[in-house]
Amino acid sequence: MDSVTRLSGKVAALDLPDYPLDEKVTSAPYISGEDDTPLESEKASNLEGRFIPEDGDEVVYINGEPVVTTGRDVSRFLVDLRDDGDQALSFRSLFLGTVFAGLGAAICEIYNFKPTQVLVSTVFLLLLIYNVGIAWAKFIPQRSWVEGTRFERLAPVFEFINPGEFKIKEHVISSLVASTAAYGNTAVLNFAVQRLYYNTDVKATTAILATFSTACFGYGLCGLLRPLTVYPSEMVYWANLPTVSIFQALHFDTAANRKRVRLFWTAFAAMFAWEIVPSYIFPLLGGFSIFCLASQHASPAVQDVFTNIFGGAAGNEGLGLLSLSLDWQYITSAYMSYPLVQQANSWIGYTLCYVIFVAIYYSNAWNSKTLPMMSSSIFSANGSIYDQDAVFGSTFQLNQTALEEIGLPYLTGSNVWLNITNSLAIGGLIAHCVFFWSPVVREAFVQARSGTQPDPHWKAMQKYKEVPYWWYICLLVLSFVAGLVAVLKGQTTLPWYSFVVALLFGSFVTPFSQLLFARMGSGIATNQLMKMVAGAIAPGRPVANLYVHGIIGQSIGFAGDLKIGQYLKIPPRVMFLTQVWGTVLGAIINYFVMVSVVDAQRDILILPHGTNVWSGQVVQTLNSAAVTWSLAKELYGPGGRYFIVPLCLFIGMGTTFVQWLISRRWPYIGPVKVDQVILPIIYMYSAWMSSGLSSVITSCVIVGVVSQFWLRRYHPGWFRKYNYLLGGALDGGAQVMIFILSFSVFGASGTSKPFPHWAGNPAVGNVDYCNGNGALG
């Protein structure tokens, strides 16, 4: 790398491979001057000058284009500083947000019962809102229509209903109300578990109160932590960048943006037309495997092995090794957004997952070979579904006599490993934040207290009134009271003090989890910590264990929205109202959509494998965790079958501490910067294929390499202008089509209409033709 000179040493070796020798590469401090030429996007948006950090931070250019690597690069080169000062909160923005909140929440809840879970893309919602908003501005009567006429007295009414052009801030508010409602909530899924496994129809009031409590408590914490997890440049929330890019492209009408908008709509239309092919007409394209096709005439034993290793187009079928998927609904733009360092760590995890799952199963660890290789259900020792009704009865509390007769439940080997890695990741997360990122945390707190935060977008927001901390504290109190009422009056069997302890533990873990998500684009599953707590303080009560749910996921989602608000200059107090209103809507809508799906697809959702369209793996996982952790002493205590699981909390902390010691002595090992080996991410991805579809992994890796390595490194100009926009367009096209298919042919409305069977959509067996393990019946 003689052609690159590092001056600050802040760019990690793992994140900067060699550049091609035939391209002009420079590396220099980013320092302003009178001759400082604006980038094309800055010229187009009429920005005067650029943000120049006082420390002269290093910027790498290729052919005159900056390579976007860090959060500071995102703030300077990727997201426009423009603020037109237009109205954000209006009748139109709240009305559109409320209407489309129903749509977003419905899609979110549908995906909770899919083989692979996908967050509802804000892109999908913002596109629909954009078109309706533009039509509203054009066709609904305006003030100007009646001025100077005998109807002029109606002018204020028309202005209230239609304030004119549908601008970016109204659009953002409408979209965030809808997406906030669409985030979903583990509390809603707890009620699904009760309907499926405990034959309990929880009252709507209890359900809505509990859902509201979880979401708003998470938001309250998020608001208190925003100087640490939202304001700094390095807190990017990478998966939100496609959304930000699209908002600015649609509303900043410049010559450069017109080209971007044209690319956006072309890609959106193409993906909308394509998505029906792999998801409905030709599902074989959702997981094409040469190995599966080659195994059709093999012996049953060989077919079983091939299915376990190479199959992956159906829920819990196999590991999907080297399968290729052309189904974008499961690939998503996430892999066009996650930074390369995150993806490099995930690739290590994927590799370990293939090796470890095979080793666990074929070595018969934890009695694995008598159970399915992959499933989130709980089983008896002989491989049959565990009879939890007999053990816990109608009171949902442990019957010790029945437990002695039936025996303790078994988890599949893959599920045990998932629990192990969850514990490793939680311990590693806390340790990584303490040992590696504590200087960043201290700096953020100092900047928050002194008002010296250098992020240009945060500085641009200082003209708006900030939300006082007491608003968020009041929200925390209100959420606590709502949750306590649900616990005491609902069918939860949860002691009130268990609820309090769970909130305290969740509040402790939240800042660590937000830090990881903000910096790397993905987080880890921390809900297991709550389950451990519940198992200790409410033993023998699986339903009570369900209600000790985390608030962490909610706080991360809200923090990401606050970052969108900072990038797009939405007044903070308007953001507060937007997110609270979206939360209330989501609590109501998510519950009723869940009831609809569970009642219509009950028989499929309780199956260990599900289908390639519907799967109960999420609720199965929740139920399995609730049952097994309610038996914590017997299963996870000293001498228990799975004692290694809680022990791994401390192992995860210890290994990260050792890594930190190594990094102090040897900051680099070969080309790898030691502190960019993020063990919690590796742990998480090393159990990634424990359930659901796994045929998309190879395609996800390919997308990540093309986007974050090839385009970002060798075509930084194209990457900066179009990468995130293209990802958002592909997400939007796929999700619009999936929404239509879900209610028209997939049975979300009660009746499914399968496509006629042919070679690409076989009548029996798995769609990828890996038909071992009794797939043909």
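How many disulfides does a search of the whole structure find? The search finds one. The notes below start with confidence, since this is a predicted model, and then return to that link.

1. **Confidence.** The chain has a mean pLDDT of 84. Of its residues, 89% reach 70 or more. Confidence is lowest in helix α1 (residues 40-44), where the mean is 37. It is highest in helix α31 (residues 644-665), at 96.

2. **The start of the chain.**

3. **The disulfide.** C292 is joined to C770, with 2.0 Å from S to S. The link of C292 and C770 is left-handed, with -90° about the S-S bond. C292 lies in helix α12 (residues 290-294) and C770 in the segment after α34, so the pair ties together parts that are 478 residues apart in sequence. C292 counts as buried because its relative accessible area is 0%, below the cut-off of 20%. C770 is also buried, with a relative accessible area of 0%.

4. Take C222 and C474 next. Is C222 buried or exposed? C222 is buried, at 0% relative accessibility. C474 has a relative accessible area of 43%, so it counts as partly exposed; that class runs between 20% and 50%.

5. **The nonpolar core.** The largest nonpolar core holds 207 residues. Which of its members touch the most others? They are V74, F113, Y219, L241, L568 and M594. Helix α27 (residues 572-600) gives the most to this core, with 11 residues.

6. **Around Y219.** Y219 is worth a look in the 3D view. Neighbours within four places in sequence are left aside here. Y219 is then in contact with Y472, L475, F558, L562, M575, F576, Q579 and V580. Ring pairs also link Y219 into a cluster with W470, W471, Y472, F558 and F576.

7. **An edge-to-face pair.** The count of aromatic pairs comes to 37. One of them is formed by F191 and Y591. The F191 and Y591 pair is edge-to-face, with 6.4 Å centre to centre and 75° between the planes. F191 lies in helix α8 (residues 186-197) and Y591 in helix α27, so the pair ties together parts that are 400 residues apart in sequence. Both F191 and Y591 are buried.

8. **A stacked pair.** Y685 and W688 form a stacked aromatic pair. Their centres are 4.4 Å apart, and the angle between the planes is 20°. The two residues can be checked for burial in turn. Y685 is buried, since its relative accessible area is 1%. W688 is partly exposed, because its relative accessibility is 36%.

9. **Arginines over rings.** R82 lies over the face of F252, at 4.1 Å from the ring centre. R641 lies over the face of Y410, at 3.7 Å from the ring centre.

10. Most residues other than glycine have a negative phi. Where does K569 lie? K569 is in the loop between α26 (552-568) and α27. Its phi is positive, near 65°, and K569 is not a glycine. K569 is buried, with a relative accessible area of 0%. Y769 also has a positive phi, of about 70°, although it is not a glycine. Y769 is found in the segment after α34 (716-744). At 16% relative accessibility, Y769 counts as buried, because the limit is 20%.

11. **A buried serine in a loop.** S368 lies in the loop between α16 (340-362) and β4 (378-379). S368 is buried, with a relative accessible area of 1%. Which residues does S368 contact, leaving aside its neighbours within four places in sequence? They are I360, Y361 and G413.

Note on methods. Residues are numbered from 1 along each chain as its sequence is written. This is a predicted model: local features need pLDDT of at least 70, side-chain atom pairs count only at pLDDT 80 or more; totals for chains, interfaces and linings use all residues. Side-chain values use heavy atoms; hydrogens and water are left out. A nonpolar core is a set of buried Ala, Val, Leu, Ile, Met, Phe, Trp, Tyr and Cys residues joined through side-chain atoms within 4.5 Å. Buried means under 20% relative accessible area, exposed over 50%, partly exposed in between (1.4 Å probe, protein chains only). Helices (H or I, at least four residues) and strands (E, at least two) are DSSP runs, numbered from the N terminus. Contact means heavy atoms within 4.5 Å. Rings of Phe, Tyr and Trp (its six-membered ring) pair if their centres lie within 6.5 Å; planes under 30 degrees apart count as stacked, over 60 as edge-to-face and the rest as tilted. A charge sits over a ring if NZ of Lys or CZ of Arg is within 6 Å of the ring centre and within 35 degrees of the ring normal. A disulfide is a pair of cysteine sulfur atoms within 2.5 Å. pLDDT is the predictor's confidence in each residue, from 0 to 100.
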